[in-house]
Amino acid sequence: MSDIADRVKKIVVEHLGVEEEKVTENASFIDDLGADSLDTVELVMAFEEEFGIEIPDDAAETIQTFGDAVKFITEAA
Amino acid sequence: MFDLTGKTALITGASGGIGAEIARVLHGAGATVGLSGTRIEPLETLAAELGARAFVLPCNLSDAAAVEELPKQAIAAMGSVDILVNNAGITRDGLMMRMSDEDWEQVIDVNLTSTFRLSRGVLRGMMKTRWGRIVNISSIVGTGGNPGQANYAAAKAGIVGMSKSLAAEVATRGVTVNCIAPGFIATAMTDKLNDEQRERLLVKIPAGRMGEVRDIAAAVLYLASDEGGYVTGSTLHVNGGMTMV
């Protein structure tokens with residue numbers, strides 16, 4: 001697994017308090033990992049800080065799963 | 001009770017009578033305070049009076065860019081903003097039939113839009129620490145209206161609706177958002193009233209007197225405290241019974 005994916009996973013695990021095994025490629029933050037809408041905003045903010053990038057609101061809306069997040073950040077970073 | 005030791009508070013309009021007293025009371029409870037306002041001299045005087053744990057953070061709230069910067073400056077000075085008190089306000093009174101777009105916009109900008117921008121600016125830190133207090137100073141006229149103050153009343157009522165919405169959004173994160181609606185408070189502004197105006201006003205106040213700035217500051221202290229943590233989305237009316245809602 002790439003370094004970016006590891007760092008994203010760490011943030012998700014810490015923030016949502018879920019087990020690492022549950023954070024899979026297609027795991028949806030809201031449907032599978034128990035995030036509410038505010039959690040998704042906080043996750044995006046945490047990604048922005050961790051990777052020093054800006055994630056615009058319209059892009060943030062497309063980040064639904066762990067895989068989406070890794071893909072977006074890999075392309076942006 | 002009401003110990004704010006280790007907390008940081010940003011207060012807008014701290015150069016005015018009510019804002020200065022809010023700053024004194026929060027500082028007296030142990031908070032580090034950021035004093036914001038447009039007039040630097042009274043801010044410097046207040047900071048000197050308070051001594052340690054006081055920072056002067058001038059800001060013109062009608063300047064959108066400056067408003068965006070203020071939370072960052074406050075965090076740079078104090079390390080965080082745990083408590084935000086949106087107290088600053090301006091009036092541009094006039095009958096609505098004759099009210100200019102400019103007088104409408106200025107009052108909405110400074111009183112309502114800056115409250116929105118500053119609240120948005122401090123939320124990230126509060127959400128992270130799972131503790132935050134936003135106290136917005138509304139007004140009795142936001143509830144009851146007042147001839148000649150359509151713009152001001154709209155802004156002050158807008159603050160209440162905004163606060164309730166935000167309160168619902170962030171309640172799970174230990175962040176509370178409340179309003180205080182002062183009635184007539186004795187300040188430099190009300191000193192200008194003549195005796196007749198004063199008499200007419202007092203008959204409308206069951207308590208038979210105008211409020212003091214400390215009445216407002218005490219309400220802020222409660223809402224900013226740990227003890228007030230279960231109160232959110234509320235408007236605390238501090239008006240001597242003038243409007244009971």
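**View 1. Contact between chain B and chain A in the predicted model.** The contact draws 8 residues from chain B and 8 residues from chain A, where contact means heavy atoms within 4.5 Å. About 690 Å² is buried between the two chains, and carbon and sulfur atoms give 43% of this area. Buried area is the accessible area (1.4 Å probe) that two parts lose on being put together, summed over both. On the chain B side, B:R124, B:M127 and B:R173 lose the most area to chain A, together 69% of what that side buries. This is a predicted model, in which local features need pLDDT of at least 70 and side-chain atom pairs count only at pLDDT 80 or more, while totals for chains, interfaces and linings use all residues. Residues are numbered from 1 along each chain as its sequence is written, chains are lettered from A and ligands numbered from 1 in the order in which they are written, and side-chain values use heavy atoms, with hydrogens and water left out.

**View 2. Polar and charged pairs between chain B and chain A.** The count between the chains is 7 salt bridges; a salt bridge is a side-chain nitrogen of Lys or Arg within 4 Å of a carboxyl oxygen of Asp or Glu. There are also 6 residue pairs in polar contact between chain B and chain A, both residues at pLDDT 80 or more. A polar contact is a pair of N or O atoms within 3.5 Å; within protein, one must be able to donate a hydrogen and the other to accept it, and residues adjacent in sequence count only if both atoms are side-chain atoms. Helix 4 (101-129) and helix 6 (150-170) of chain B each give two or more residues to the side that touches chain A. Helices (H or I, at least four residues) and strands (E, at least two) are DSSP runs, numbered from the N terminus. The largest share of that side, 3 residues, comes from helix 4 of chain B.

**View 3. Salt-bridge network around B:R173.** A:D36, A:D39, A:E42, B:R130 and B:R173 are linked in a network of salt bridges. The side chains of B:R173 and A:E42 meet at 2.9 Å, N to O. In the salt bridge of A:D36 with B:R173, the closest N and O atoms are 3.5 Å apart. This pair crosses between chains, from A:D36 in the loop between helix 1 and helix 2 of chain A to B:R173 in the loop between helix 6 and strand 6 of chain B. B:R173 is buried, at a relative accessible area of 5%, whereas A:D36 is partly exposed at 31%. Buried means under 20% relative accessible area, exposed over 50%, and partly exposed in between (1.4 Å probe, protein chains only).

**View 4. Salt bridge of A:R7 with A:E50.** The closest N and O atoms of A:R7 and A:E50 are 2.9 Å apart. A:R7 lies in helix 1 (residues 3-16) of chain A and A:E50 in helix 2 (residues 37-51) of chain A, so the pair ties together parts that are 43 residues apart in sequence. A:R7 is partly exposed at 28% relative accessibility.

**View 5. Helix 9 of chain B and its surroundings.** Among the buried residues of helix 9 of chain B are B:V213, B:I216 and B:L223. The buried residues of this helix pack against helix 1 (17-28), strand 4 (83-86), strand 5 (132-137), strand 6 (175-182) and strand 7 (235-238) of chain B.
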